[in-house]
Amino acid sequence: MSSDNSRGDISIPLRNLLNSIRCIRDRVRDGESNESDSEEFDLSNFWDTMNQAVKAVSQEATKLSLAFSTPPPPPQQMGNNLSESLQKSILTMSTVYYWLPKSQGLSLRRAVRDASVEVLEGVGQLVEVILASPLQSLSQEQLTSTGGVWSACDRFPSLPRDNKAAVMLALSAHIGVVKDAIEEIEQALLEEEDPFSDLLGDLDEEEEPRGNQDTYWSERDRRVIGPCQGLMKASGACLRKLSSAVRTNGDAGSAQNRAQLDDLEELSKDVSPRMDDLALCLYPPMEYSGVESNASKLAALLKKILGVIRSSHVCGESELTWVQFLEAAVDHNLQKAKDLMQSDP
């Protein structure tokens, strides 16, 4: 049998494997879990089984990569066996993922789903590289793809173990994005010159300097920005305080509490987009109608989050104090911004 024919024969199980991986990935990414009695669900057993399944995927992917790392290609039967073993390990991992009911927490399930999809995409990329690479020696692409599978599998031991931990992780990410948005607008305000100068700094020296005042803030604009910044800072404070309350009082022991945690996380992830919308309106030329609309939307979202916090199990007596304070701060800054925009120039 020629090398080309051998290559052609061995590619058949690999192509079938790749198609299977893609189908499984799509089902994991878009499918629903198998619902069960969540209160009877053994989360510890789930994690033990899932970690074993992911470890098996890593091992089988490594075997496949090694088999195709040096010429000649593995015998037809060996190639079939390697492909079947890897497919079996992937099916097992996806089946274990489906054990996790949504009632254990949407945030937890999302974290496990995303990590599972990352593993499946990594294995799929490895198979694609093996199919595309000339069978001469271990390519850099194959090394990188194999390492990508290992990295994706190694994430599992550090994933959040329950819905409280998953919500904490998500809130931390939201806080970081909001913090960056606050710092960006503060930095722009510190610039004494054109806030767009860094974006247009590559203009030829021979060109006339820009004299368009629409690229500068007026004194009134800067006064309006003040309470809008106050709303942004209240957003950051709200998420930080919420994270602290979840850490202190959060409980994932009941379906009701897990659902409350999910509601809080779901609302919190909308804070950053609302802030971005407001921040974009603050750059010159400032349109007050857009500023008022987006400031009102952000304020309404913050009030909604604070209301959900107030009625949830994470809100104790000490939390109620800052909830009330932030509610007042949101109302104050929104009204002040509206007054400034509606007053005479």
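Predicted model: local features only at pLDDT ≥ 70, side-chain atom pairs only at ≥ 80, totals over all residues.
At 3% relative accessibility, Glu 265 counts as buried. The cut-off for this class is under 20% relative accessible area. Glu 265 pairs with Arg 110 through a side-chain salt bridge, with an N to O distance of 3.4 Å. Glu 265 belongs to helix H8 and Arg 110 to helix H4 (residues 106–132), so this contact ties together parts that lie 155 residues apart in sequence. Arg 110 itself is partly exposed, at 25% relative accessibility.

Arg 110 also forms a salt bridge with Glu 266. Here the closest N and O atoms are 3.7 Å apart. This pair again links distant parts of the chain, with Arg 110 in helix H4 and Glu 266 in helix H8, 156 residues apart. Glu 266 has a relative accessible area of 36% and is partly exposed. A further salt bridge joins the side chains of Glu 266 and Lys 269, at 3.2 Å from N to O. Lys 269 is likewise partly exposed, with 32% relative accessibility. Elsewhere, salt bridges with shared partners connect Arg 25, Asp 26, Arg 29 and Glu 121 into one network. The structure holds 14 salt bridges. Side chains of opposite charge can pair when their charged atoms come close.

The overall fold is helical. The chain contains 11 helices and zero strands. Its pattern along the sequence reads α-α-α-α-α-α-α-α-α-α-α. Of the 345 residues in the chain, 47% are buried.

The largest nonpolar core comprises 51 residues. Leu 282 and Ile 309 have the most contacts inside this core. At least two core residues come from each of H6, helix H7 (219–249), helix H8 (255–268), H9, H10 and helix H11 (317–342). H7 gives the most, with 12 residues.

Phe 46 lies in helix H2. Its relative accessibility is 1%, under the 20% limit, so Phe 46 counts as buried. The C-alpha atoms of Phe 46 and Val 96 are separated by 7.3 Å. Along the chain, these two residues are 50 positions apart.

Two cis peptide bonds are described next. One runs from Pro 71 to Pro 72, with omega near -5°. Pro 72 sits in the loop between helix H2 (43–67) and helix H3 (76–99). Another cis bond joins Pro 284 and Pro 285, where omega is about -5°. Pro 285 is located in the loop between H9 and helix H10 (288–311).

The surface carries a patch of negative charge. Asp 180, Glu 184, Asp 276 and Asp 277 gather there. Helix H6 (163–190) and helix H9 (271–282) are the elements that give two or more residues to this patch. Asp 277 is placed in helix H9. With a relative accessible area of 32%, Asp 277 is partly exposed. Membership of a patch requires over 30% relative accessible area and no salt bridge.

Methods
Residues numbered from 1 in each chain as written. Heavy atoms only, no water. Patch = residues over 30% accessible without salt bridge, like charges linked within 9 Å, V, L, I, M, F, W, Y side chains within 5 Å. Areas by Shrake-Rupley, 256 points an atom, 1.4 Å probe, with all protein chains shown as cover. Salt bridge = Lys/Arg side-chain N within 4 Å of Asp/Glu carboxyl O. Lys, Arg positive; Asp, Glu negative; His and termini not counted. Charge placed at Lys NZ, Arg CZ, Asp CG, Glu CD. Helix = DSSP H or I, 4+ residues; strand = E, 2+ residues; numbered from the N terminus. Buried < 20%, exposed > 50% of the residue type's maximum accessible area, 1.4 Å probe, protein only. Core = buried A, V, L, I, M, F, W, Y, C linked by side-chain atoms within 4.5 Å.
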